[in-house]
Amino acid sequence: MKSVFKRAGILMMAGAFALSGCSGDSKNQSENSDQAASFNKTGLPIVNEPVSLRMVSPKAALAPEYSQMEIFKQLEEQTNVKIEWENIPDTDFTEKKNLLLASGDLPDAFYGAGFSDYELVNYGTDGTILPLEDLIDQYAPNLKALLERRPDIKSSITAPDGHIYGLPSWEENNLGTNPFFHVINKKWLDKLGMKMPQTLDEYTEALVAFKTQDPNGNGKADEIPLSFMHMQWCMDIAGIFGAFGLPDNMEHRVVRDGKVIFTATQPEYKEALNYFHEKWYKQGLIDPESFTQDAAQYLAKGKTTIETLGSYIWWEADEVVGSERSKVYALLSPLKGPNGDQLIGRGNGGGPGRGAFVITKENQNPEITMRWIDQQYEPYMAAQIHWGPLDIVFKKDENGKLVNLPLPEGTSAGEFRQKVAPGAGGPGVITIEDLGKVVDLEPRAQQRVKDLEKYYDPYMEEENYPSIFFEPEELDKINRIEPELIKYVNTQRGKFIVDGDVNEQWDSYLKNLEKMGLNELMEIYQNGLDRYNANLNK
Ligand code: CA
């Protein structure tokens, strides 16, 4: 009996849908005006009568369905907006998102969606997703205030056609401005009666002593004066190029006075390569495996029974040698070069993600949707969306700042975060001003901030290449030219350090780069930067 009724119920509902479909505009209009009466332009709840929105979002492996996540239960209670979540495992998300977009089976919004620049521009231009700037202006006071306070964020999320198609996601902790933390074995220096090197030449002398004077005292020449991972992020010698007046980076791209410079064709770069070959590689001071080793091999070198590492480069010294042994390694400020230069690079990009939330053309309630998502741009809520809710992850201290509660026993911070918050890819922006005032940095991050301030910030390049919203044609050209060109530069960089011959081969190296499209590539980067800077002043 029960099942018959159930079926009848479904049939009746289907009939009702069909009827409403036929009856046309009059009913829709009355529905819309009901909603209009229910909608509050300011304050909470957002709607007096509950409204449902369908949202598609990725979720981390350990995360529950978002409908079960405390932070979203609270938001529903406050706003009266019910989200019908369709959570897709983050590993399958891109594929599923593409399928939905291709089939036209669109939700009201994609949340934590990581839309690429391509997707934002293409789906924005063809009308699949809505331009959001007017909605932000009218219904998103938190986000609007943020964009007014921070024109750089506004410029970053504005498409080349002037529209904003996706909303930002960012934890602006500035921890990555210089990823290349460079350390030296202080215990060995003390044992050999040497002081902390201030110049590149003093550093070289220390490496020679490490190689030749058996500082680990085992009677074998098993010391590795300097090990690194060539052209790998946070493990490369890119920062040390600064001693010759121009730091290098993974992109070989720096900015000075608004001009984009390709580092790997500059005289400073050439001089650095000559030095690294003549003074270091030829004297056996560089671990030859620096050009081939993977992270596992590199990390293993720090954990040999007897210490063998003299100097190395990594994001965090502890990870290479372990927390106990790391006490004998001291951070080096940028070394002063032969011409007195003392510089460290400022990492490129690092701006906000701009595809964290999009509203589709199927959405009948964009105003309600914008008000709902705007709650997550209020700084305290943004912090909870990224790390987890009050009373679970945070408590408020006497100044109202969110400070971390102890973790449940047996969980790591990373794992716990997955269970209680959408995390780093979620909407919401935590600015550098908010960090420390609204929400605490975790202790490890606080130490890094101090180290950056002490060892690197005074010597850091002023500008970097920001995260720029390119046009699809520009992206096509970049993708056509850049991968092969960078691969060639990196291979040559390794060869120049190992084999020398820099002066002999320099001209043909430059010619090859010209043939590979270097000038065209740099023009695109310069145009993109000019556009970005023009947006800043709008
Ligand atoms: Ca030894």
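The following questions and answers concern a predicted model.

Me: Which residues supply the protein donors of the calcium ion?
Reply: The donor atoms lie 2.1 to 2.9 Å from the calcium ion. In sequence, the donor residues follow the spacing D-x1-N-x1-N-x1-K-x1-D-E.

Me: Which strands stand at the edges of the open sheet of four strands?
Reply: The sheet has mixed pairing and the order β2-β1-β3-β11. Each edge strand has a single partner strand, so one side of it is left without a neighbour in the sheet. From one strand to the next, the twist averages 25°. The edge strands are β2 (81-89) and β11 (357-359).

Me: What is the bridge partner of Met-55 in β3?
Reply: Strand β1 covers residues 51-59 and strand β3 covers residues 109-111. These strands run parallel and are joined by two bridges. Helix α4 (residues 93-103) lies across β1, β2 and β3, at about 140° to β1. Within β3, the partner of Met-55 is Ala-109.

Me: Are α18 and α19 roughly parallel or roughly antiparallel to each other?
Reply: Two packed helices are described by the angle between their axes and the distance between the axes. For α18 and helix α19 (residues 502-515), the angle is about 180° and the axes are 12 Å apart. Angles over 145 degrees count as roughly antiparallel, and the two helices are therefore roughly antiparallel.

Me: Which residues of α19 make the contact with α18?
Reply: On the α18 side, the contact is made by Leu-485, Tyr-488, Val-489, Gln-492 and Phe-496. On the α19 side, the residues are Val-502, Gln-505, Trp-506, Tyr-509, Asn-512 and Leu-513.

Me: With which side chain does the side chain of Arg-493 make a polar contact?
Reply: Arg-493 is placed in helix α18 (residues 472-499), and its relative accessible area of 0% means that it is buried. Beyond its neighbours within four places in sequence, Arg-493 is in contact with residues including His-230, Phe-241, Tyr-269 and Leu-273. The polar contact spans 3.1 Å, and the partner is Asp-248.

Notes: Residues numbered from 1 in each chain as written. Predicted model: local features only at pLDDT ≥ 70, side-chain atom pairs only at ≥ 80, totals over all residues. Heavy atoms only, no water. Buried < 20%, exposed > 50% of the residue type's maximum accessible area, 1.4 Å probe, protein only. Polar contact = N/O pair within 3.5 Å; in protein donor to acceptor, adjacent residues only side chain to side chain. Contact = heavy atoms within 4.5 Å. Donors = N, O, S within 2.8 Å, 3.2 Å for Na, K, Ca; no water. Pairing = 2+ DSSP bridges. Axes fitted to C-alpha atoms, helices over the stretch in contact; angles between N-to-C directions. Parallel < 35°, antiparallel > 145°, perpendicular 65-115°, else oblique.
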